[in-house]
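Hi everyone, thanks for coming.

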Amino acid sequence: MTSPATPVISATGLFTPPESISNEELVESFNRFVDAHNSANADAIAAGTIEALQPSSVEFIEKASGIQSRYVMSKAPILDPAIMCPRIRARSNDELSILAEIGVAAARDALAKAGRDAADVDAVIVACSNMERPYPAIAVEIQAALGIEEGFGFDMNVACSSATFGIQTAADYVRAGNAKSVLVINPEICSGHLNWRDRDSHFIFGDVATAILVEDKAIAPPQHWDILGTKLKTQFSNNIRNNFGFLNRAYEGAPDASDNGTKDDRLFVQEGRKVFKEVVPMVAQMIVDQMERLELQPDDMRRLWLHQANTGMNRLIAQRVLGHEASADESPTVLDTYANTSSAGSIIAFHLHNADLASGDTGVICSFGAGYSAGTVFVRKVG
């Protein structure tokens, strides 16, 4: 009887959009919108029938989140107070979709770093927060675009934890012998579901795509990452929600039922303070419990690659895991320049901040977000 294959992470890939929006640019645009809205509704505001909108500020954004800028696929329309939404050219069915396009770019980066040909890949999993269509699957489209003639692909969505859920799924396929090489791809155009007119959230998200190549250790390159263990968790909460879906148009009696998803609740909404209070202890305890199962001590943890949503959350989680205030080396951030990129955040942190680790160093990739959902992938560098 042959022993099960051992899954490892062979490489990661990253696609970064060419345009970036600074906090200063974002605030200037938002405040022009606020001024125009308050001016147009001055009588109603004076009568008390509606409330005046409040301006944003760079100081408010950075104190609330730690974000300083974000990459986007469509900058000018977002900064136009008359639009405040990305504008993406509609593509024909014969063209590569935009999620597939950026996913392919990240996948090719990962394949190149592993010295792997796309034909060697057995499966493609697209794991992200928002798919641009129900079917055909973006994963199958990417499979075709990469020239992977055999194998299979499918899409999965566990919001901000999609990448870690995808990694465990890929590892399970390798372990079971159903695949030897699996691409997990996280294309995130979060600017499309963000309400850029909401002061409390207009600064949160950016766009990006990441990829993770999970393979049988027997075929992995000499330098790779052993997967020591994974753990997934979900717990229902309405505190982060997006109600956009294909049934919106069918809701009988719903106000604005035919507005094609432009109502505020069909974009990203959250109760930020509740999320902070509930998610921090849940995630920290999840990491600590998994460390105990893997017989790891805080001193064994060389680096934490945490979900990039809020610097305050990451600081508290890292402190509970390590037992002390984490340094930038122990818990690196990419939130300042990439903003929250949903499922891709922890993968960007891992991709950009792992080359300096020595063989034998151990760390954890951890994601958390809507659902609630959370996932951990403990890894150890080899080679």
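Let me start with a question: which side chain does Asp-329 meet in a salt bridge? The partner is Arg-303, at 2.6 Å from N to O. By salt bridge I mean a side-chain nitrogen of Lys or Arg within 4 Å of a carboxyl oxygen of Asp or Glu.

Before I go on, a word on what you're looking at. This is a predicted model, where local features need pLDDT of at least 70 and side-chain atom pairs count only at pLDDT 80 or more, while totals for chains, interfaces and linings use all residues. Residues are numbered from 1 along each chain as its sequence is written, and side-chain values use heavy atoms, with hydrogens and water left out.

pLDDT, by the way, is the predictor's confidence in each residue, from 0 to 100. The protein chain has a mean of 95, and 97% of its residues reach 70 or more. Over residues 257–261, though, the pLDDT is below 50, and that stretch has nine contacts in the model beyond near neighbours in sequence. A contact here means heavy atoms within 4.5 Å. Where pLDDT is low, the predicted coordinates should not be read in detail.

Okay, back to our pair. Asp-329 sits in the loop between helix H9 (311–322) and helix H10 (335–338), and Arg-303 is in strand E11, 26 residues apart, so this pair links distant parts of the chain. When I say helix or strand, I'm using DSSP runs numbered from the N terminus: H or I with at least four residues for helices, E with at least two for strands. Is Arg-303 buried or exposed? Arg-303 is buried, at 2% relative accessibility, whereas Asp-329 is partly exposed at 35%. The cut-offs: buried is under 20% relative accessible area, exposed is over 50%, and partly exposed is in between, with a 1.4 Å probe and protein chains only. The pair also belongs to a network, as salt bridges that share partners join Arg-302, Arg-303, Asp-329, Asp-356 and Asp-361.

The count of salt bridges comes to 14. Another one of them is Lys-75 with Glu-25, where the closest N and O atoms are 3.0 Å apart. That pair links distant parts of the chain too: Lys-75 is in helix H4 (residues 75–79) and Glu-25 is in helix H1 (residues 23–40), 50 residues apart. Glu-25 is partly exposed, with a relative accessible area of 31%. Then there's Asp-226 with Lys-217, at 2.7 Å between the closest N and O atoms. Asp-226 counts as buried at 19%, and Lys-217 as partly exposed at 32%.

Now, follow strand E11 to its neighbour. E11 (residues 301–306) pairs with E12 in the parallel sense over five bridges; two strands pair if DSSP finds at least two bridges between them. Trp-305 stands opposite Ile-365 in E12. On the other hand, E12 and strand E13 (residues 373–382) run antiparallel, joined by eight bridges, and Gly-363 has Val-379 as its bridge partner in E13. E12 and E13 make a hairpin with three residues between them, and Gly-371 in the turn has a positive phi of about 140°.

Why do I call E12 largely enclosed by the rest of the structure? Because eight of the eight residues of E12 (residues 362–369) are buried. Both faces are covered: Thr-362, Val-364, Cys-366 and Phe-368 on one side, Gly-363, Ile-365, Ser-367 and Gly-369 on the other.

Thr-12 has Ile-212 as its bridge partner in E7, and Glu-188 has Val-208.

One last stop: Ser-69, in strand E3 (residues 69–72). Ser-69 is buried, at 13% relative accessibility. How far apart are Ser-69 and Leu-335 in sequence and in space? They're 266 residues apart in sequence and 8.4 Å apart in space, C-alpha to C-alpha. Not counting residues up to four places away in sequence, Ser-69 touches several others, including Ser-20, Ile-21, Leu-335 and Tyr-338.
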